[in-house]
Amino acid sequence: MIKILLIIFLIINTYGCLTPKMDMKANVSPKANNETAIPVDFVFIFKDKAFDDIKKISAYDWFLKKDQFYNDYAVNEDIQILSYELVPGQHFELKKFKPNHDPVNLVIFANYYISGEHRAIIKEYSHILLNLNENSFSVTELK
C-alpha cells in the first residue's frame, strides 16, 4: 500500500513539475486610466473551446460577462483566473506562479475607462512584463 501511495505521489509531483511557471512584472503609469485603479485579469485557458470563445472579446465584454465565463468554464477547470486591481504608480511582481494545468494560452484583460480592446493573447507566457500606460497596455518578454 505504501508503495502504491509513493508511486501516485511521484506521478503527481512529476506532472506538477512539468507545468510551466510564470514570472510577471507590471508597471503602472502614474497617469494610467485617468489616475484610477485598473482591474486586470489573467485568464489561463486550458481548453481550445474556451480559448475560441474568450480570444475574440474585448476587455469591456470580459468584465461585463466574467461571471458567466466563470460559470461556463472555471467550474470545469477549463480556465483559471487571477484578478488584480492595480493602481497608478504601482510596481507589481508575481514570481514562479504555477497554473493548475498546462495552459493552451494566456489572455490578459485590462478594464480601462477609455474604449478599446485592452486585451493581449500570450502564447509564451513564462516571463512577461506588463506596462499599463495612460490609455492602453503592452506586454513584452521579461528579461
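**Figure 1. Lys 95 and its salt-bridge partner Glu 93.** Lys 95 counts as exposed, at 59% relative accessibility. This residue belongs to a predicted model, as do the residues in the other views. The side chain of Lys 95 meets that of Glu 93 in a salt bridge, with 3.4 Å from N to O. Glu 93 has a relative accessible area of 42% and is partly exposed. The two partners therefore fall into separate classes, since exposed means over 50%: Lys 95 is at 59% and Glu 93 is at 42%.

**Figure 2. The salt bridge between Asp 41 and Lys 66.** The closest N and O atoms of Asp 41 and Lys 66 are 2.9 Å apart. Asp 41 lies in strand β2 (residues 38-45), whereas Lys 66 lies in helix α3 (residues 59-73). Asp 41 is buried, because its relative accessible area is 1% and the cut-off for buried is under 20%.

**Figure 3. The salt bridge between Asp 52 and Lys 55.** In this pair the closest N and O atoms are 3.8 Å apart. Asp 52 is partly exposed, its relative accessible area being 36%. Lys 55 is also partly exposed, with a value of 32%.

**Figure 4. Salt bridges in the model as a whole.** The count comes to six salt bridges. Among them are Glu 93 with Lys 95, Asp 41 with Lys 66 and Asp 52 with Lys 55. Side chains of opposite charge can pair when their charged atoms come close.

Technical notes:
Residues numbered from 1 in each chain as written. Predicted model: local features only at pLDDT ≥ 70, side-chain atom pairs only at ≥ 80, totals over all residues. Heavy atoms only, no water. Salt bridge = Lys/Arg side-chain N within 4 Å of Asp/Glu carboxyl O. Helix = DSSP H or I, 4+ residues; strand = E, 2+ residues; numbered from the N terminus. Buried < 20%, exposed > 50% of the residue type's maximum accessible area, 1.4 Å probe, protein only.
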